[in-house]
Amino acid sequence: MISVEEALEKVLSCVEVLEPEQKPILDCLGQVLAEDVYSTIDIPPLDNSAMDGYALRAEDTRGASGSSPKYLIVVGEVAAGSMPTKEVRLGTAIRIMTGAPLPEGADAVVQFEDTDEVNRKSSRRDLSQIGILCQAEKGLNVRGRGEDIARGDLVLKEGKVLRPQEIGVLASLGRSNVLVIRRPTVAILATGDELIDVNQLLAPGKIYDSNTYTIAAEVTRYGGIPKILGIGRDSVQSLIEKIDGGLDADMLITSGGVSKGDYDIVKDVLAERGEIDFWTVCMKPGKPLAFGIMTKMEREKKRKMPHLGLPGNPVSSMITFEQFARPAILKMMGKKTLAKPAIRAIIEDDVVNTDGRRIFVRVVVTRHGGQYHASLTGPQGSGILTSMTKANGLAIIPESSKGVKAGDMIEVQMLEWGEEQGEIERLPVISIVGKSQSGKTVLMEQLITEFKRRGYKVAALKHSRGGIEIDHPGKDSWKFGQAGSDAVYISSPDKLAFIKNLDHDLSIDEIMTIIDPEFDLVLAEGFRESKTPKIEVHRKAFGDDLLCSREELSAVVTDAPLDIDIAQLSWGDTGAVADFIEKSFLRAVKGKGKCSP
Ligand code: AMP
Ligand code: MG
């Protein structure tokens, strides 16, 4: 059996970011920009008015008020879209509309409401003069040329995911086309003699093929283009025919035919078109999963197409799609954030884990009392597709646990949230790693002090191989543990500690499920094996080599510069280390930034 992470890693290692294409901007929603977009113009192109009012010279309004208006001669009018033909000289004003270019000589705009225009109109007085009822500062209601974007600015960077606002910015730059990573085409094939298409009449012993539709909709949702191959029968010839119709796609997704009973056919067929491997993934639902690489000829070149064989049960196929196909599609599209956004929630029902697999439980997440709560949607059978229609989240029961009890904190993948949101909700954990005696603890202390000074709520996490100090033999708390309690909580007027007996050394992910969501960040010492961002403390005196590989590290804090391609921070400059952590991992968290001390 392989873990969900291992399976995902294997899948991702076989898919590549696709090539860029030039397209009309309106077709690019959700795609990744493949060029740096610079502006060739100023936006706005000229100084212009932010209000309907009168363009004038601020000095002419000195001392103006409701009881003592300053009167100016109106020399013209300018509307949005036209250019002013006159200039504003001392003692004059030009009536101006929002967006209209500011006339020469004017340096402020006073809105209609601060003039006597309405009064004049109602009493049919002459409009060739206007009374100004307030004193204007220079620049009042003036939008400066290039205030939003200046000519030559880098406006959108390569890698940016295009949302409606980016598409709007492209339009404002006058770009009708843009270079983006192209969308993957995903061929979809359902297999099974029992399946019929929705356009046919239901016959005895048959069921409608729902997987094709669920998967196609998922492909579309994540930005791919579905190519429906139809229903393959459980025969070699039928499958070969169907699969050959999808060889021009970027990925093939089949459903069904991977469980013990009938996988031989799928296996034989797929093996004929490439390599195929059957995995037992440590998850529920969705244990059997096939993964293959098809080799095909394209423009006289051999090209590889990944094939993901999902289980047939509708819920299993959807959950395995979410865990494996979705990230593969996102990677092909050039996206960087592949993880489904997850939150921590209080589970409201017990769930038992009988066979040590990771269970994905369909839940309804609600928020009340400042906390997320997750309750089961009802029966969890892997054929019950309505459990997915009721759900907005997948609660994760770790493979290492025997289950959870109502009230426990668990992690929930939010099905409807966009991937980019993931980084906002997840409590950031940064591990400080390093060789023994390199100064990890000192750096931890310095960082804790620095982040507290910056206004963050910090939790520190320490892995202690040698046991936990507060658990002193002879103490009452120790006695309760000895008597067999599964956990002991000790509270005093100003502190709470708890000691829970474990059957294995917890991973950071597991520990995170019991850390309060109130913190802004967790600084962990050690936990080299974890996947959290890591900063290594390096001391020249301990040799030039590092404990972790370059790929594992976000930065090195060192007392002697190293000849490696990785961010290096000087030992002793805690402010710079905190800046680095803030910039790299905390920016999206709460927008805290630096607080003045
Ligand atoms: P299989 O993995 O082929 O053994 O299928 C497992 C279960 O999922 C069986 O009950 C199938 O009838 C059902 N199933 C397989 N493919 C589909 C499909 N495309 N739509 C709905 N149910 C399916
Ligand atoms: Mg089948």
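# Briefing: a predicted model with one ligand site in view

Ser438 has a relative accessibility of 2%, so it counts as buried. The model is predicted. Ser438 sits in the loop between β28 (429-434) and α10 (440-453).

- A polar atom in the side chain of Ser438 is 2.6 Å from the backbone oxygen of Lys435.
- Beyond neighbours within four places in sequence, Ser438 is in contact with Val537, Arg539 and Phe542.
- Gln437 is also placed in the loop between β28 and α10.
- Gln437 is exposed because its relative accessible area is 67%, over the 50% cut-off.
- The phi angle of Gln437 is near 70°, a positive value in a residue other than glycine.

**Ligand 1**

- There are 17 residues around ligand 1, and the nearest are Glu194, Asp209, Ser210, Gly257 and Ser259.
- The side chain of Glu194 has an N or O atom 2.6 Å from an oxygen atom of ligand 1.
- A nitrogen atom of ligand 1 lies 3.0 Å from a backbone N or O atom of Ser210.
- Gly257 brings a polar backbone atom to 2.8 Å from an oxygen atom of ligand 1.
- Ligand 1 taken alone exposes 490 Å², and the protein buries 80% of that.

**Ser255 in strand β16**

- Ser255 belongs to strand β16 (residues 251-255).
- The relative accessibility of Ser255 is 3%, so Ser255 counts as buried.
- The side chains of Ser255 and Asn211 are joined by a polar contact of 3.2 Å.
- Leaving aside neighbours within four places in sequence, the contacts of Ser255 include Leu189, Ala190, Thr191 and Ile215.
- Leu310, Pro311 and Gly312 are also among the contacts of Ser255.

**Helix α1**

- Helix α1 spans residues 4-13, and Val4, Ala7, Val11 and Leu12 are buried there.
- Viewed down the axis of α1, the buried residues fall within an arc of 130°, so they line one face of the helix.
- Glu9 and Ser13 are exposed, on the face of α1 turned away from its buried side.
- The cover over the buried residues of α1 includes the strands β17 (274-280), β18 (283-284), β19 (288-298), β20 (301-310) and β23 (358-368).
- Helix α7 (314-332) is also part of that cover.

**Aromatic pairs**

- The whole structure holds six aromatic pairs.
- Tyr222 and Phe321 make a stacked pair, with 6.5 Å centre to centre and 25° between the planes.
- This pair links distant parts of the chain, 99 residues apart.
- Tyr222 is in the loop between α4 (211-221) and β15 (225-232), while Phe321 is in helix α7.
- Tyr222 counts as buried because its relative accessibility is 7%.
- Phe321 counts as buried too, at 0% relative accessibility.
- The ring centres of Phe451 and Tyr456 are 5.4 Å apart and their planes stand at 90°, so this pair is edge-to-face.
- Both Phe451 and Tyr456 are buried.

**Ile508 in helix α12**

- Ile508 is in helix α12 (residues 508-512).
- The relative accessible area of Ile508 is 2%, so Ile508 is buried.
- Not counting residues up to four places away in sequence, Ile508 touches residues including Val429, Ser431 and Leu461.
- Ile508 also touches Ala524, Phe527, Ser530 and Thr532.
- The C-alpha atoms of Ile508 and Val219 are separated by 32 Å, and the two residues are 289 apart along the chain.

**Phe527, one of the contacts of Ile508**

- Phe527, touched by Ile508, lies in the loop between β32 (521-525) and β33 (534-538).
- Phe527 counts as buried because its relative accessibility is 13%, under the 20% cut-off.
- The phi angle of Phe527 is near 55°, which is positive in a residue other than glycine.

**Cis peptide bonds**

- Most residues other than glycine have a negative phi, and most peptide bonds are trans.
- Ile43 and Pro44 are joined by a cis peptide bond, with omega about -5°.
- Pro44 lies in the loop between β2 (37-38) and β3 (48-49).
- Another cis peptide bond runs from Lys284 to Pro285, where omega is near 0°.
- Pro285 is in the loop between β18 and β19.

Definitions and conventions:
Residues numbered from 1 in each chain as written. Chains lettered and ligands numbered in written order. Heavy atoms only, no water. Buried < 20%, exposed > 50% of the residue type's maximum accessible area, 1.4 Å probe, protein only. Helix = DSSP H or I, 4+ residues; strand = E, 2+ residues; numbered from the N terminus. Arc of directions from axis to C-beta. Contact = heavy atoms within 4.5 Å. Near = heavy atom within 4 Å. Polar contact = N/O pair within 3.5 Å; in protein donor to acceptor, adjacent residues only side chain to side chain. Areas by Shrake-Rupley, 256 points an atom, 1.4 Å probe, with all protein chains shown as cover. Phe/Tyr/Trp six-rings, centres within 6.5 Å; stacked < 30°, edge-to-face > 60°.
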